[in-house]
Amino acid sequence: MIITNEIKDEVYEKLINYVFNKCDAVMFVSHPLGLTKDKIKILDENITVLKEKLKLSNYKIRHSNHWVYSAVYKGPGEDLPSELEQQFNVMFYKLDDKVKEYLLSNKDLYNWLNPEYPEDISFFKNGYCWLRSVSHEGICDIYCENEEEYEYLRSIGIRFREKEFTPTPIDKLYYEDYGLKNTKTDNKEISLKEACGFNRLFGEAQGNVAIYKNEKIYLSYIYQTKGRHTVKFKLIYSNSDAERGISLLKHHLKGNIMNTKGEIIAKGGGGVYSNYDFFESNWKENEEIIVNLEDGYIKITNGKFKMSRDVRFFDPTDVWQAMKVEKISPTKLRFYCNDTVLEDDFDDLIFEMEILD
């Protein structure tokens with residue numbers, strides 16, 4: 001359920017008190033994306049202090065560019081350089097007095113930002129995410145278990161977009177094994193329902209690639225072919241109740257993306273998370289763009305489009321979201337995408353990407 005107001009000061013403090021009676025773990029994230037060298041140094045120093053301060057409370061720390069509501073995922077193409085990935089910290093801590101003291105040192109959920117603090121605070125219960133946030137975008141979701149909990153959270157000042165309690169099935173929740181209990185499962189034998197969509201598989205794989213029914217599935221694809229190239233995206237087939245599409249998210253892009261008229265539609269220096277979208281209602285059969293890539297990379301992900309406050313936006317966060325990638329030729333890939341329904345036929349969106357020159 002989506003939160004529509006800022007969570008800070010007294011509301012934040014009341015929420016933290018409730019969380020400590022509800023959940024068993026908190027997740028913090030730190031990463032160097034979008035930071036200058038000086039700020040990366042500050043971040044490293046602050047995270048080192050944090051790890052030492054809370055070392056007795058730690059469940060696990062992993063170095064990966066995948067986490068709940070992540071803005072960045074490792075793609076099925078080239079991996080991120082290992083030295084860069086080692087700068088990612090996805091940290092899980094048990095909820096004890098020291099952790100509570102630290103959480104109350106900054107009473108503004110959306111002010112938990114690198115480099116002064118870790119960011120994207122999320123709270124977990126028995127391995128399942130109960131609250132997730134994206135600090136820099138001011139996004140927070142809370143998965144209320146029942147109407148009583150929904151009403152209590154409203155009473156402490158939290159405003160939901162939903163006007164009444166809307167339950168979320170457990171198989172729609174993000175899952176991660178942080179060592180509280182033995183929940184590791186063989187990814188080759190796990191059922192789709194047990195996997196909580198494909199979300200749990202990616203969580204346990206701690207990355208963007210997982211195994212399902214002896215096949216690789218991907219969360220997204222990383223395009224990092226250097227130089228100037230014309231890239232064609234062809235919509236092959238769509239079979240979904242939701243409007244599907246793909247989004248090109250640029251990460252530390254040095255260069256730009258243009259349409260065939262030579263007009264720039266996305267460029268480097270405008271922030272890490274700017275994106276360019278193709279969705280079904282405006283996707284030409286053969287959509288061509290020109291990519292000028294000097295450095296960085298572009299993440300290609302599939303998802304659905306939603307309407308909020310009369311604005312259409314791309315939502316790549318479905319727990320069923322996954323893709324199979326077939327190499328048709330050295331310059332052409334075909335993507336088979338799943339949608340929001342509990343099934344695994346990978347025919348809800350099929351498209352091709354081809355580098356023409």
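Predicted model: local features only at pLDDT ≥ 70, side-chain atom pairs only at ≥ 80, totals over all residues.
**View 1. Strand β4 is mostly covered.** Start with β4, which spans residues 119-125. Of its 7 residues, 6 are buried, and here "buried" means under 20% relative accessible area.

**View 2. Strand β4 pairs with β1 and with β5.** Look for β1, residues 25-30, which pairs with β4 in the antiparallel sense over 4 bridges. To get your bearings, find Val29, which sits opposite Glu119 in β4. Now go to β5, residues 128-134: this strand and β4 also make an antiparallel pair, with 4 bridges. Here, Phe124 has Cys129 in β5 as its bridge partner. Then check out the hairpin of β4 and β5, with its 2 residues between the strands. Asn126 in that hairpin takes a positive phi near 55°.

**View 3. Strand β17 has a covered face and an uncovered one.** This strand takes in residues 332-337. Which residues make up its covered face? They are Leu333, Phe335 and Cys337. Lys332, Arg334 and Tyr336 make up the uncovered face.

**View 4. Strand β17 is joined by bridges to β16 and to β18.** β16, residues 323-329, runs antiparallel to β17, and 6 bridges join the two. One spot to look at is Met323, whose bridge partner in β17 is Cys337, a residue of the covered face. A hairpin takes the chain from β16 to β17 through 2 residues. Next comes β18, residues 349-355, which is antiparallel to β17 and joined to it by 6 bridges. Phe335, also part of the covered face, has Phe351 in β18 as its bridge partner.

Note on methods:
Residues numbered from 1 in each chain as written. Heavy atoms only, no water. Buried < 20%, exposed > 50% of the residue type's maximum accessible area, 1.4 Å probe, protein only. Pairing = 2+ DSSP bridges.
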